[in-house]
Amino acid sequence: MEGVFPMAFIDLRSDTVTTPTDEMRRAMATADVGDDVYGEDPTVIRLEEKAAELLGKEAGLYVPSGTMGNLVAVMTHTSRGSEVLLEAESHIYYYEVGGMAVVAQVLPRTIVGERGCLTPEAVEGVLRTPNIHFPVPALLCLENTHNRAGGSVWPLDRFNAVAGVAHRAGLGVHLDGARIFNASVASGRPAAELVREADSVMFCLSKGLAAPVGSVLVGRADWIARARKNRKIVGGGMRQAGVIAAAGLVALNRMIDRLAEDHENARVLAHGLAEIAGLGVDLASVETNMVMCRVDGSGTSAPEFSRALAARGVLVNAVDPGRLRFVTHKDVGREDIDKALSVTADVALEFRGAA
Ligand code: TLP
């Protein structure tokens, strides 16, 4: 659902809609700045160092968006015509406008996963013996938490095993960790432990962590130096970016632990939705701040259902003809969840009555 909605709406479309905290706004107003293309913005440098430290990597690179971070990562790991392996429902493949093909000029090869995760065998199965006819595989991209799987968290052993297969075949491993701190909070493990086997990681400051703008790409120092050139190619070299990076620092220092609240609200929401006749939720799949809800049994489609909810003040996205995605975040509290549930129950009842 696109458009401008007044604040009275309960906005469960995404955690990207979160607004900056007062502390972020104060930090932004007083940030020390410099020209970051010259490497002279002290706040950006602090943010990149902090991000690298939290993720256990050598260096970081501040980028305006997760999409740019993933694109720059693909550009830096590959050359023109490389083959890139990804899970079939991954954000990079599904939602990034084909940037990897348009800009990086690589060939995506998708592997069907289960709830966003791959098996070592599935990755081995698509690796081919080098042959004059084949493109050269260069990179495996993984995603944790997995968006289209409903915010699912990779089991760590499986992640490490899959990354190991790619490394043994000489491929790089990039993690789209837009919501890696949700995975960290949900699994009770430090983010650095979750990403140890990834060569590069992109994570977002502007989702559940509530910064207004920005993501960070982390990896080895020499790799990040090359990524910095690629960021410049795609127009991502920013100037006094400390103004926005300051909010990112507050996000990393203050907003990670509270993600547990969003996860709890998602569980409450999922249980409530599961009780509404005509709707379907796989409760076991609700691990972080997303709830995928099937509307097949309600007598209407997900886009129609979301329009009816919007007319009553509840915003959610239809991610498939039969599936709605509800995302919890810091700007929706328990009362909003209760209200959203009662509105959803009313809408479901109306559609069932009309069917
Ligand atoms: N996801 C957005 C939409 O693009 C679908 C959302 O509302 O969830 N990786 C993952 C896993 C993401 O979920 C997103 C954003 C991105 C990358 C891209 O980040 P941005 O929006 O900063 O370019």
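Residues are numbered from 1 along each chain as its sequence is written, and side-chain values use heavy atoms, with hydrogens and water left out. Since this is a predicted model, local features need pLDDT of at least 70 and side-chain atom pairs count only at pLDDT 80 or more, while totals for chains, interfaces and linings use all residues.

**Helices α13 and α14**

Helices (H or I, at least four residues) and strands (E, at least two) are DSSP runs, numbered from the N terminus. The axes of α13 (residues 302–311) and α14 (residues 334–354) come within 10 Å of each other and cross at roughly 125°. Axes are lines fitted to C-alpha atoms, for helices over the stretch in contact, and angles run from 0 to 180 degrees between N-to-C directions. The two helices are therefore oblique to each other; angles under 35 degrees count as roughly parallel, over 145 as roughly antiparallel, 65 to 115 as roughly perpendicular and the rest as oblique. From α13, Glu304, Phe305, Ala308 and Leu309 meet Val343, Thr344, Val347, Ala348 and Phe351 of α14, where contact means heavy atoms within 4.5 Å.

**Cysteines**

The structure holds zero disulfides, a disulfide being a pair of cysteine sulfur atoms within 2.5 Å.

| Residue | Relative accessibility | Nearest cysteine sulfur |
|---|---|---|
| Cys117 | 7% | Cys141, 15 Å |
| Cys204 | 3% | Cys141, 14 Å |

The sulfur of Cys204 is too far from that of Cys141 for a bond. Cys117 counts as buried, and so does Cys204; buried means under 20% relative accessible area, exposed over 50% and partly exposed in between (1.4 Å probe, protein chains only).

**Helix α8**

In α8 (residues 180–187), the buried residues are Ile180, Phe181, Asn182, Ala183 and Ser184. Their cover includes the helices α2 (42–55), α9 (191–194), α11 (242–254) and α12 (259–274), together with the strands β6 (172–176) and β7 (200–204).

**Val123**

Val123 lies in helix α6 (residues 120–126) and is buried, with a relative accessible area of 0%. Leaving aside neighbours within four places in sequence, Val123 is in contact with Leu85, Ile111, Leu118, Val162 and Val165. Val123 and Ala166 are 43 residues apart in sequence, yet their C-alpha atoms are 7.5 Å apart in space.
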